[in-house]
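Me: I would like to learn how to read strand pairing, domains and helix packing. Please take one model and go through them.

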There are 2 protein chains.
Amino acid sequence: MKILDGGITAPIGFEAAGVEAGVKYANRKDMAIIYSQKPCVTAGTFTSNVVKAAPVKWDMNIVENSEYAQAVIVNTGIANAGTGKEGMEYCKKTAKKTAEVLGIPENAVFVGSTGVIGAQLPMDKITAGIDKLVAAKAHTKEAGTDASKAIMTTDTVNKELAVSVEIGGKTVTIGAMSKGSGMIHPNMCTMLGYVTTDAVIGKEALTKIVKEDVVDTYNMISVDGDTSTNDTLLIMANGMAGNDEIRIGTSEFDIFKEAIHYVNETQAKRLAGDGEGATALVECTVCGADTKDNARILAKSVICSSLTKAAVYGHDANWGRILCALGYSGAKFDPENMELYYAAGDKKMLIYRDGADAGYSEEEASEILSQKEVRIIADMKMGNAKATAWGCDLTYDYVKINADYRS
Amino acid sequence: MKILDGGITAPIGFEAAGVEAGVKYANRKDMAIIYSQKPCVTAGTFTSNVVKAAPVKWDMNIVENSEYAQAVIVNTGIANAGTGKEGMEYCKKTAKKTAEVLGIPENAVFVGSTGVIGAQLPMDKITAGIDKLVAAKAHTKEAGTDASKAIMTTDTVNKELAVSVEIGGKTVTIGAMSKGSGMIHPNMCTMLGYVTTDAVIGKEALTKIVKEDVVDTYNMISVDGDTSTNDTLLIMANGMAGNDEIRIGTSEFDIFKEAIHYVNETQAKRLAGDGEGATALVECTVCGADTKDNARILAKSVICSSLTKAAVYGHDANWGRILCALGYSGAKFDPENMELYYAAGDKKMLIYRDGADAGYSEEEASEILSQKEVRIIADMKMGNAKATAWGCDLTYDYVKINADYRS
C-alpha cells in the first residue's frame, strides 16, 4: 500500500470543489461537491439515532434503492435535523437542483449537512452555491482540499487522505475526507465521512467491507458520548481503475479491505484527536480480554469517561478513573488480576497490578501524559481478544465551544 | 409529613460526630461517625461497578449477613478502592478498632471511604480519628451537621435532611446525610448516603423500600456519567420510636415509604445540583412515554448529554441537543410527533413540535436557562408513563476540578 499526497480527487475520474455560499459563516468555504465522471457503486452506514437528519434519510434511501450514484453535495452551518417536512423538502430540492445542473438523475445525488440542529436551510444561498460548485469542480488535488476544508465546522484541521494498492496488476486508488469535532460518538459511523475509489467492485462486496470495518474504526471513537443525528459514511467506487472486479473471498478483496481499513482508521483517529477543545489524542487498547465484544466495550468505556479525559488534560496519572471506567463498562473482569499501563511514543509504564498501585514514578507518568498522543493499555489477563478505541481529553475549550455554539 | 430542621441525629437514639483526623485535608473535618444507642435493622444498595472499594465489599457483607448494625465510620480524602489486599486489611482494621472502642461487634460497624482511588489509608491517623469521634459523638443537631460536613469532598454544601411522619399514633423520624459531587452516575445508589430512622420495621420491609425507591431517586441522577467504585446507600432503623412494626402491604408502610422517598429524592436532587463545577440543577421530565423504563432511559439520556449540559451553562436554547440525546437513548419514539418544553419556576415554554422549531423567543428561553433550576420537559405522546432525572450543567470548573483533583 502506498500513501499518497491527496484526498477524494486522487482516484481516477473524481472531481471536487469547495466554495463560499454564505449558509452561515462569513469568509469561509461552507459548501462542497464530490462528482464522479462515471456512475458509482455505493455503500454507506448511518447514525443509529432515532432522530435522523433529512439528508441522512435521503442518503439511506439512495444507498438502499439506487444502483448507482454520481455526486455528493454538502453544506455546513446547518444540520437540517429537527426541521420537519420543510427540511425534507429542502433536502430534496438540494439534490434536484444539483442533478439538473450536472445532468444526472436526482437519486444519484447524495446530500450531506452538518451544523446547528433546528434551523432551516437558506435555499437561495444553497442553490447559488450549487451553481458555483459545479462551475468550480475539478480533478485536482487542490479542489479535493477545498472540499475537505469546506465541510469543517469546529474542526481545527481538515482531514483528507489518499492511498493506492495494486489489484491484479492495476493501481487502485482510494481517497477520503471527513469532519467531526463535537457530537462525536458514532454508532454506525462518524459525523460526515466520504471515501472515493476508482476500484471495480460490486455493491455486495463494497457493503460488506464498510459494514465490517466501521465496527473497529469509526464506531470506536468518541469525543463526547453524543451520537449525532447526521452521522454518515459513504463510499463511492466508479470502476475507472479498470481492475478485474474485486470479489468476496479473494486475496484482492483482502488487499482492498486492508487499504479501506487504513483509510478509515486514520480518519477516525484524526476525528478523535481533533475533538472539540482537545489537546491530546487518547488511545485505549484493551488486550487479554475474553471476547472481542468485551474488549471493545472496555476500551470505549475508558475513552468515554469524562473523569479520565479531564485527568489526561491535567497530565494527572489518576489511574483510578481508568479502573473505575473499566469497572462500570458492563464487561466482567477481575480487578485484582489485571494490569494498566500508560504509554506515549516508545515509552511504556506499568501503573497498576494485583489490585493496587504498581509503584510508578508520578513524574514520569506526568511526562507521558503531556504528549500529544497518549496511550492507555489494559491487559485483562482473561484471553486473547483485543480492541482499540480513540478519544481526546476534556478541556475548558470543549465547554467554551459548546456553551455558545450557536452564537 | 413534617420537614424538620436537622439530619441524621434527628431520630431518637442516634448520635454522631465529625472531626479533623488529617487523612488528607488540613484544617477541615474529614472523619465522621454515626452511632445508634440500640442495634439497628439495616438495608442498603451499592455500586454496580465491577471494581468495588474495600468498604463497599465490607458493608455489603454486613447488610447481607448480619442481623443488626450499630455504627458507621467514614473517612474522606482516600476512597480505599484499587488498594488490593492491603486496602481490605485496613478497612477491616477500621471496623475492628471502632467496634472495640464502642464495645460492639466488629460486624456491626459499617465503613465508608471516599476520595482518591489507589492510595492506602494512613492507619495511624484513622485510629486516632476513631478515638476522637467516639469521644465527641452526641445526640445533638450540631453533631449531625459536623458529621455531614466531614463526609464532603468537592461538595460545596453539606446535604442533610430530617422529616417525621405519624405511624399508628407514634412520631417516626427519618434523618439523612449524603455526599456526591464528581464520579456521580449511580447505578444502585449514590456515592455515599446514610439514612437513620427510629422506626420499628423489619429487614424485609426496609430492604423492599430501599431497593424500590433508589430506581426513581439516586439512580436517576448523573453529574458526569462515571459510576463510582464506592457508591453506597445505607439505612439504619433502631426501633426507638416504639411504633407498631411497619409491615409490607399496610397503609403505614406506604406512609413510611413515601417519607423515605421524599428524603431520597431531596438528597439525590441536592447531589445533582451540587455536581462538580455546576451553576444549575437540570431536571428532565419525560411524560407520555410508552413504558416507565423508556421514560427513565429517555430522561437520563438528556441529563447525561455533555452537549445539553454545556448549552445550559451557556444559557443557549440549543434544543437540538436535547432531541439528539433522546434520539440516541435507545428508546424508540417518533421525533415528528412529540413536544419539548423549557421551564423554570412557573414559566413553561414550548420549544419544539411536529418535527421542528415551535417558534419561541430566544430571549425568553435564555432567561429560563439562566435560572438556578432549569427544567426540560419532553412529551413523547405515546402513552402515560413518566420519569424524572436530575443533573447539572457542564462548566469550566468541572474540567478544572478534575484536571488536577489529586494535586
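Me: Which residue stands opposite L340(A) in strand 14 of chain A?

Reply: First, the ground rules: this is a predicted model, in which local features need pLDDT of at least 70, side-chain atom pairs count only at pLDDT 80 or more, and totals for chains, interfaces and linings use all residues. Residues are numbered from 1 along each chain as its sequence is written, with chains lettered from A and ligands numbered from 1 in the order in which they are written. The residue opposite L340(A) in strand 14 of chain A is A378(A). Strands are DSSP runs of E with at least two residues, and helices are runs of H or I with at least four, numbered from the N terminus. Two strands pair if DSSP finds at least two bridges between them. Strand 11 and strand 14 of chain A run antiparallel and are joined by 5 bridges.

Me: What is the bridge partner of V286(A) in strand 14 of chain A?

Reply: In a regular strand the side chains alternate between the two faces of the sheet. For V286(A), the partner in strand 14 of chain A is A378(A). Strand 10 (residues 281-289) and strand 14 (residues 373-379) of chain A pair in the parallel sense, over 7 bridges.

Me: In what order do the 6 strands of the open sheet in chain A lie?

Reply: The order is 13-12-11-14-10-15, with mixed pairing. Strand 13 (356-357) and strand 15 (385-392) of chain A stand at the edges with a single partner strand each, so one side of each has no neighbour in the sheet. Strand 11 (residues 339-344) and strand 12 (residues 347-353) of chain A are antiparallel over 6 bridges, with A344(A) opposite K347(A).

Me: Which domains does the assignment of chain A give?

Reply: Domain bounds come from an automatic or database domain assignment. Here they are domain 1 (2-273) and domain 2 (281-403) of chain A. Their centres, taken over C-alpha atoms, are separated by 32 Å.

Me: At what angle do helix 1 and helix 2 of chain B pack?

Reply: Two packed helices are described by the angle between their axes and the distance between the axes. Axes are lines fitted to C-alpha atoms, for helices over the stretch in contact, and angles run from 0 to 180 degrees between N-to-C directions. Helix 1 (residues 54-65) and helix 2 (residues 84-102) of chain B pack at about 55°, with their axes 9 Å apart. That makes helix 1 of chain B oblique to helix 2 of chain B (under 35 degrees is roughly parallel, over 145 roughly antiparallel, 65 to 115 roughly perpendicular, and the rest oblique).
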